[in-house]
Amino acid sequence: MGGPSNNDWETITFNFTTTAVAGQTFLYLGGFYDVLFDAPPPPTTNRSVYYYIDNVNLKPVYEIAFDLPATLCSNTNIDNLTDYILPVAYSNGVFTGNGVVETAGIYSFNGSLAGVGPHTITYAYTDNLGCPPVVVTDTITVNSCIPPDPPYISQVYSRNPKDKYVEVKNKDYNTAIASGQYYLVWYQNGSSTPAGSVDLGNIPANGTKVFKGASSANPAYAASSATPWGFGSFDGFNDIVIISTSNGTNAYADRIDIFAGESSNKSMVRVSCMPLQYQPPRTDYDEQDWVAFSITEVGNDTDRKNSILGRHFSEPLEWNGIIWDDLGNQSNPDRSRVELINAPYDTATYGSFEACSLVSNNNLVISSLTNAKVQTEVTSTVPNGIEVQDRGSLVMVRDVYYGVANQLLIHSATQSAMKHTRSTVGLNKGTDYVYWSSPLSTNAINPVAGEIFFDFGTAIGQFDPDRFFRFENQNFYDAINYHGDNGSGTDGYDDDAGFNQNPATIDYLPFSVIPSAINEHLIPGRGYVTWPKKSSNGYFTIYDANYTITFEGEMNNGEVFVPVYRNDAALGTNLNLIGNPYPSAIDLNVLLSENDSLIEPLALIWGRGVLDDDPNNTNPGPEALNYSEDNFLLYNPTMIIDPALSGNFEFNPALPIDEKGTLASCQSFFVRALDPAGGFATQDTGYIEEAGQLVFKNKMRTTRANNTFARMTNRANNEDEDDYDDDDSVISNDKLWVNLTDANGYAVQLGIAFQENASVHYLQSEDIKAVNGRKYNFYTQSTSEDLIIDVQDAFDMDKTIPLGIINTSDNVAPNFSISIPKKEGIFETQPVFLEDIKLGIVHNLTDTPYSFTTSGAITEGRFKLLFANNSTILAKQNTDNQIDIYSLNGKVQILSKTSNIREVYVSDIYTPNSSGILVAKQEKISSKTATVEVPEQFKLINVKVVLEDGSIHNKKLYR
């Protein structure tokens, strides 16, 4: 027996017969809902024997109502569709249709997912009796309830527990916002429940409105006019602020804009330079949309910038030749704006400026000691569109912006659309080298080397290709010393350059050997070295040898990678010449930190540190005539070591780097790659490998003064020094610079710094070992290594710092003085004493230098720095008499008076730049005596003895 499949049953008619026995029930009807019988009465005879039923009437099995709202805004949702099913007992069915989302058995409707327009939603209910499902439908229409230009959050400020502000911008140019349209809602510490809300109220077309915490008092200009709002414990950490069309539990789902960044003790301002598809408002948070301003910047309400609370413009800001024009309003440029140079602009006249993105449609001149700092993108559309003059800087901040990276963020319409000039300073001879690097990319529109250094040749006024070098890092391998004893050993140079002009092996590769390089682009991040142009004055005559180079074309931007190399030379180092690749100064501290797993925290920068030092045949090096190695200044983030330093850095303008680590554009310098962990398996095989890719990034660029390029220390003054600097000042620790100076004024230097949390032991990441092989070496002996930069833990008056001196000059009994040319921190008032143990003198070094005479190549155990002149301190000094070392029959003999000797390491400390390179060793000794064979050519050595009690002892020996 069956019925219609649509559950719309009206009447079922059926007939049946039976052979029932009188008095028995012969009919059972089951499974019907609300059965209504309509049958004639049974016959009067045999009425107890049979029963006849006809025309059984049935009602429908289920009656279900589905009644959705007629309309819904596209930015809102229906959280549970079953709320619209009656009776509730039949609400556990299945919903389908556009915008329907099922989560853990709960069906919701997402207006944004469905899209604007009508949508039919279907509901199907199935019981457990096997009956066909009941299917019902309803239609809902999704409307776009958000105006074409809704409001957005334009600034969020949080300074302390009470000063909190949120600025809202009405994006619509024509229509004001009315009360009840939008709400500002905030959530605290990841909670999904709103912590507070406020109606945006009335905001005029293209206007702004500032809301404040109830107790906000600063900045005063904002506090006096802002609308109070119960921010409560909003602190800028893990808090969210949204604009929503509702202010209840549905507020987050109804949001149209969001800020979810960290804003503590600063103000975050919405930028206007993002791509069109990411323009606000946005329902998702992206930190790329925001830029930070300091509390101080926001406090200056006369600045006409977007950082001012209550002032926000999103249109491009145009320089018209008179003012920065903002739709008829005068504004000042800032790092949140798109800025257009539509008339000539010179930073020398109108000042340095910032931008979010910059388009130059006219002539922008970035003059000396000024800058333009751009967050994301730079475009020059015309010839001479951006001209970065000598000592000016074009600084770019972000390497990547919305998936566009590095060179794709800088655009030069033609080769002449961008240029950067650089002038040398202090060159007074034809032999004065300059270490160059290029700010240009390898874009095909850019000039080649011969068009930049115009021109190459052997005539007067030309760059000599024999004296123009590209340093090949992958070829540096120091295995021979042509100027040392017996023609062997090392000198810190790859001497192959001077004797075998093979481009596959030499490091200083002259353009005369690779003439094709003249027609190639200069390689970004690499170093080039050259003498000045040829002059009729000759090489050694004193004259003004300075010159200017113009780099014209597309500039480097973003990440620039340079491969650095290391080698297995037992007596060599891993020198690599790299160069600043940007048209701005960079911060060496950031570069060294970013690459600390690849290179030592050290930069060697050419600066002509030795006055009147002509190249000669007595200096070691790859050529017949060489400069002294002391011409390289040593930079470490803790302090600078300058062999020619005679006073405070503030009064020594000729340094090729400043105290903060500012390195000029176009300057190249040496770094040293780290050896592999555990060292090389074999040595002196000629093996060279890539240690890794050193990276330059925009984060290293700085607006500090770009004026240290190619400085020579014989300059008398610097009229341009000022406090031009966008960064915080150098953190001043307790530091001492100590000079050793001979009777002719030739000086060497060491540095000592005392810092909280530093180590009293040698750490490669903090300390710098002495660079051996110089005329004089001057070092501390407070650790197991001889240090030229010694970083100690916090200052203590009980500390003593032993000093050592090595003299490799021909003068066997020179007169010296020890002095303190510079001091910082506690040493501005704390006296420093020098103890001469040999003569029994304690001298106040703070007052005057100490003069003395010494003899022999090594002076150790004689001098110590003290910080108190009293018997208690002197009593604490110990002399290392546990170890005796001497040379006998060409062998080094070691005797321990206490513990057994475990290991002995012998290092060469004569050859330049060797840093104490190992020449012999003996391990697993387990005896109080040891004999080590050391090649005879090594005359001046350091013997490092490790005892079984764990103590380490270093002693020098001249054989």
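The count of salt bridges comes to 29, where a salt bridge is a side-chain nitrogen of Lys or Arg within 4 Å of a carboxyl oxygen of Asp or Glu. The model is predicted: local features need pLDDT of at least 70, side-chain atom pairs count only at pLDDT 80 or more, and totals for chains, interfaces and linings use all residues. Residues are numbered from 1 along each chain as its sequence is written, and side-chain values use heavy atoms, with hydrogens and water left out.

**Arg-282 and Asp-284**
- Arg-282 pairs with Asp-284 in a salt bridge whose closest N and O atoms are 2.8 Å apart.
- Arg-282 is buried at 8% relative accessible area, while Asp-284 is partly exposed at 40% (buried means under 20% relative accessible area, exposed over 50%, partly exposed in between, with a 1.4 Å probe and protein chains only).

**Asp-390 and Arg-422**
- A salt bridge joins the side chains of Asp-390 and Arg-422 at 2.9 Å, N to O.
- This pair links distant parts of the chain, 32 residues apart: Asp-390 is in the loop between strands E31 (386–388) and E32 (393–396), and Arg-422 is in strand E36 (residues 418–423) (strands, E, at least two residues, and helices, H or I, at least four, are DSSP runs numbered from the N terminus).
- Both Asp-390 and Arg-422 are buried.

**Asp-464 and Lys-534**
- The side chains of Asp-464 and Lys-534 form a salt bridge at 3.9 Å, N to O.
- Asp-464 lies in the loop between helix H5 (449–452) and strand E38 (468–471), and Lys-534 in the loop between strands E40 (528–530) and E41 (548–552), so the pair ties together parts 70 residues apart in sequence.
- Asp-464 is buried at 10% relative accessible area, whereas Lys-534 is partly exposed at 24%.
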